[in-house]
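Hi,

Here is the structure I promised to pass on. Have a look at it first, and then read on for what turned up in it.

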Amino acid sequence: MHQCNKDIFTVATYNVNSIRSRLHIVIPWLLENKPSVLCMQETKVKDDAFATEEFTRIGYNIFFRGSGGYNGVAIASIDAPLEVLHGFPVNSEESDRIIITRFPLVTIINIYVPQGREKDSPQFAYKLAWFSRFEKMLKEHYISSESIIVCGDINVAPDAIDVHNPVRLLGHVCFNPEVWDVFEKWKQWGLTDVFRMFHPGESGEFSFYDYRTYDAVKKSIGWRIDHILATAPVLEKAIDCWIDVQPRLKEKPSDHTPVIAKFVL
DNA sequence: ATGGTGGCACCGCCA
């Protein structure tokens, strides 16, 4: 290996489930792992209450948008981006679910896809429509020959090995043919699941464990719904991708845990 | 077990 560390670009995605309740995990985790970019979801904090200084004093730029109790996304980055966009580019709708940072060598799109509540609810219809809106955005604003990373809490377990019990869970809002179909359209456009590329066929690797399930982590009753997706030019520069179990071992952990990918850009 | 826990904001909503 004759690759210097400075050429390694590390991207992580972490649904923090309230940034205020997770600073004791996020800040030490950034200091220890030094990712180039950390994408966060469900920050659950108003912009004027965001702990900006906690990030800037450890050398990170921080960009965020949120209105309080629900949703909210943020990106922390070591290098200053060329551009930061909030929401769908045309009208900035859903700015508490999409934040885009453009860097010289790669564009990072951080998303928090609606969970969908129940299959027969308006929220599930909204989820499916959200996938279509995002696909439209990709096609209108980007080309898959560009270097683009899409990451976040996508609220889809793509395959049977991405849930603990595929038979019982079939039909769940995060595990059913309709969400697979709309997610597949993103993949057809040119996005690939980086974790799955490095761990083909590997089951039991989960990024989310429901708080309501007793001993979920110990019993491995989880879901892989947080993803790092990449277009071909950046995918071929990927060197590793994994789910980090460490933040789960801390006091008061999030119900999600970070997914990390490394690229030699 | 058709519940459960956790976070926010309020006395319920969302995951």
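Let's begin at the DNA. Around DNA strand B there are 16 residues, and those that come nearest are Ser18, Gly68, Gly69, Tyr211 and Arg212. Sorted by class, the surface near DNA strand B has seven polar, five charged and four nonpolar residues. Do keep in mind as you read that this is a predicted model.

Next, a pair of helices. Helix H3 covers residues 122-141 and helix H5 covers residues 177-189; their axes are 10 Å apart and meet at an angle of about 5 degrees. Angles under 35 degrees count as roughly parallel, and H3 and H5 are therefore roughly parallel to each other. On the H3 side, the residues that meet H5 are Leu128, Phe131, Ser132, Glu135, Leu138 and Lys139. Their partners in H5 are Glu178, Val182, Phe183, Lys185, Trp186 and Trp189. By class, this contact of H3 with H5 has seven nonpolar, four charged and one polar residue.

I also looked at the length of H5. Its 13 residues, at 1.5 Å a residue, should span 18 Å, and the end C-alpha atoms are 18 Å apart, so the two agree. Just after H5 comes Gly190, with a positive phi of about 140 degrees.

Which residues other than glycine have a positive phi? Asn17 is one of them, with phi near 50 degrees, and Ser92 is another, with phi near 60 degrees. Asn17 is found in the loop between S1 and helix H1 (23-33), while Ser92 is in the loop between strand S5 (83-86) and strand S6 (98-102). Are they buried or exposed? Asn17 has 20 other C-beta atoms within 10 Å, and a residue counts as buried at 20 or more, so Asn17 is buried. Ser92 has 12 other C-beta atoms within 10 Å, and 12 or fewer counts as exposed, so Ser92 is exposed.

- Asp7 sits in the segment before strand S1 (8-15). Asp7 counts as exposed because it has 10 C-beta neighbours inside 10 Å. Leaving aside neighbours within four places in sequence, Asp7 is in contact with Val264 and Leu265. Asp7 and Phe103 are 96 residues apart in sequence, with their C-alpha atoms 14 Å apart in space.
- Tyr112 belongs to strand S7 (residues 107-112). Tyr112 is buried, since 26 other C-beta atoms lie within 10 Å. Not counting residues up to four places away in sequence, Tyr112 touches Gln41, Glu42, Asn71, Val73, Arg97, Gly152 and Asp153. Met40 is 72 residues from Tyr112 in sequence, yet their C-alpha atoms are 8.7 Å apart.
- Asn155 is in the loop between strand S8 (148-153) and helix H4 (166-169). With 26 C-beta neighbours inside 10 Å, Asn155 counts as buried. Apart from residues up to four places away in sequence, Asn155 touches Val113, Pro114, Gln115, Gly116, Cys174 and Ile225. His227 is 72 residues from Asn155 along the chain, and 9.0 Å separates their C-alpha atoms.

Cheers

Technical notes
Residues are numbered from 1 along each chain as its sequence is written. Chains are lettered from A and ligands numbered from 1 in the order in which they are written. This is a predicted model: local features need pLDDT of at least 70, side-chain atom pairs count only at pLDDT 80 or more; totals for chains, interfaces and linings use all residues. A residue is near a molecule or strand if its C-beta atom, placed from the backbone, lies within 6 Å of it. Ala, Val, Leu, Ile, Met, Phe, Trp, Tyr, Cys and Pro count as nonpolar, Asp, Glu, Lys and Arg as charged, and the others, Gly among them, as polar. Helices (H or I, at least four residues) and strands (E, at least two) are DSSP runs, numbered from the N terminus. Two residues are in contact if their C-beta atoms, placed from the backbone, lie within 7 Å. Axes are lines fitted to C-alpha atoms, for helices over the stretch in contact, and angles run from 0 to 180 degrees between N-to-C directions. Angles under 35 degrees count as roughly parallel, over 145 as roughly antiparallel, 65 to 115 as roughly perpendicular and the rest as oblique. The expected span of a helix is 1.5 Å times one less than its number of residues.
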